[in-house]
Amino acid sequence: MSDHSKSSPAVIAAGAICWRETSAGLEVLIIHRPKYDDWSWPKGKQDNGESIPETAIREVHEEVGLKITLGPPLAKTTYKVSRGKKDVHYWAAEIPAGKKAREDKGEVDRLEWVSPSAAREALTNSSDRYPLDRLLELYEAGDLRTRQLIVVRHAKAKPRSTWSRAESDRPLAATGKRQAHAVWRLLDAWKPGKIVSSPWLRCMQTVAGYAKANGLIIKEKNRLTEAEHKRKPAKAAKLMEALFESHHSTVLCTHRPVLPTILKVVNHHLPKDLRDTLPTKDPYLTPGQMLVLNISLKHRDRVISVEKIDPFDD
């Protein structure tokens, strides 16, 4: 993610608290690592060229054999290691009934589904209790199950100065194509089932890979283009308002000049303590960057977190 502290950590890692509801109540998954003789959450270090959400998903799959989609972010823990400061980012991940976890015998020799109170007692490092505290806070508020509303700025396009044809047909540059591939991988972290986009080529190319891989149709909305937005910005605002009323996790891909209108609508829906998390200055998002809003499924209009994420965040 793009909100690292001013002093960059020597090590970045990510993981998840896997959770489920049973007849006994809420349970979370803890693991025992023989190398350290500790109990912790599934997590691990970021690989080169990998975004932090991708790290969380890969590490959980490697350590406990579960393919997860991310829910709301929990806490970032920070502590000292031999190389300096280490940041570990955590998300919540609901595990459907019937999904079986398995140990990675190379790093994990035991795993257990336990109650939150039992997990709190078992965790070796006290800092691991912070993401658990946030998960319980969300669970008790009825906000642990969420859907995502993801705002993406299209990837880098060919320069206007080198393009003589219709502006709507200006395609992605070579760098933009690499960014679009990274956007595709990153969107897989949340698996949104609906895509809304400006029909201009550079926006369509940014989300086309994800759409094709998941068998989704891109809903083209002319009101998200630069030209239509300039004439009637209220139409783009109305579209964004409608997405807050949806039941689906959705991606919206648009252009830099449209972002202030979109963000104004977002700001209207944010609680006061989250409003300073929105970008306020042009360009708002760099090419390929995205804002991930987690919205409570129980309280449909309640945004519980805002993440600004770069597909090349390494």
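Aspartate 37 counts as exposed, because its relative accessibility is 58%; here exposed means over 50% relative accessible area, buried means under 20%, and partly exposed lies in between, with a 1.4 Å probe and protein chains only. Aspartate 37 lies in the loop between E2 and strand E3 (38-40), where helices (H or I, at least four residues) and strands (E, at least two) are DSSP runs numbered from the N terminus. Although aspartate 37 is not a glycine, it has a positive phi of about 50 degrees.

A word on the source. This is a predicted model, in which local features need pLDDT of at least 70 and side-chain atom pairs count only at pLDDT 80 or more, while totals for chains, interfaces and linings use all residues. Residues are numbered from 1 along each chain as its sequence is written, and side-chain values use heavy atoms, with hydrogens and water left out.

I continue with backbone geometry. Most residues other than glycine have a negative phi, and most peptide bonds are trans. Lysine 191, also not a glycine, has a positive phi near 55 degrees. Lysine 191 is found in the loop between H4 and strand E9 (194-197), and it counts as partly exposed because its relative accessibility is 41%. The peptide bond from aspartate 282 to proline 283 is cis, with omega near 20 degrees. Proline 283 belongs to the loop between H8 and strand E12 (290-296).

Next, the helix H1. Helix H1 (residues 52-64) has 13 residues and reaches 18 Å from its first C-alpha to its last. That is close to the 18 Å expected at 1.5 Å a residue, the expected span being 1.5 Å times one less than the number of residues. How much of H1 is buried? Of its 13 residues, 11 are buried, so H1 is largely enclosed by the rest of the structure. Among the buried residues are Glu54, Arg58, Glu59 and Glu63, along with Ile52, Ile57, Val60 and Val64. Just after H1, glycine 65 takes a positive phi of about 70 degrees.

I turn to helix packing. Two packed helices are described by the angle between their axes and the distance between the axes. The axes of helix H4 (residues 174-187) and helix H5 (residues 201-213) come within 8 Å and cross at roughly 45 degrees. Axes are lines fitted to C-alpha atoms, for helices over the stretch in contact, and angles run from 0 to 180 degrees between N-to-C directions. The angle makes H4 oblique to H5; angles under 35 degrees count as roughly parallel, over 145 as roughly antiparallel, 65 to 115 as roughly perpendicular, and the rest as oblique. On the H4 side the contact (heavy atoms within 4.5 Å) is made by Ala180, Val183, Trp184 and Leu187, and on the H5 side by Gln205, Thr206, Gly209, Tyr210 and Ala213. By class, this contact of H4 with H5 has 6 nonpolar, 3 polar and no charged residues. Ala, Val, Leu, Ile, Met, Phe, Trp, Tyr, Cys and Pro count as nonpolar, Asp, Glu, Lys and Arg as charged, and the others, Gly among them, as polar.

The second pair is H7 and H8. Helix H7 (residues 233-244) packs against H8 at an angle of about 40 degrees, with the axes 9 Å apart. That makes H7 oblique to H8, and the crossing is right-handed. Pro233, Ala236, Ala237, Met240, Glu241 and Phe244 in H7 meet Thr261, Ile262, Val265, Val266, His268 and His269 in H8. These residues divide into 8 nonpolar, 3 polar and 1 charged.

Threonine 261 lies in helix H8 (residues 259-269) and counts as buried because its relative accessibility is 16%. Leaving aside residues up to four places away in sequence, threonine 261 touches His229, Pro233, Ala236 and Ala237.

Leucine 74 is found in strand E5 (residues 73-81) and is buried, with a relative accessible area of 13%. The C-alpha atoms of leucine 74 and threonine 261 are separated by 29 Å, and the two residues are 187 residues apart along the chain. Valine 28, in strand E2 (residues 25-33), counts as buried at 0% relative accessibility. Not counting residues up to four places away in sequence, the contacts of valine 28 include Ile17 and Leu135, and those of leucine 74 also include Ile17 and Leu135.

Notes
Left-handed = near helix turned anticlockwise from the far one by under 90°.
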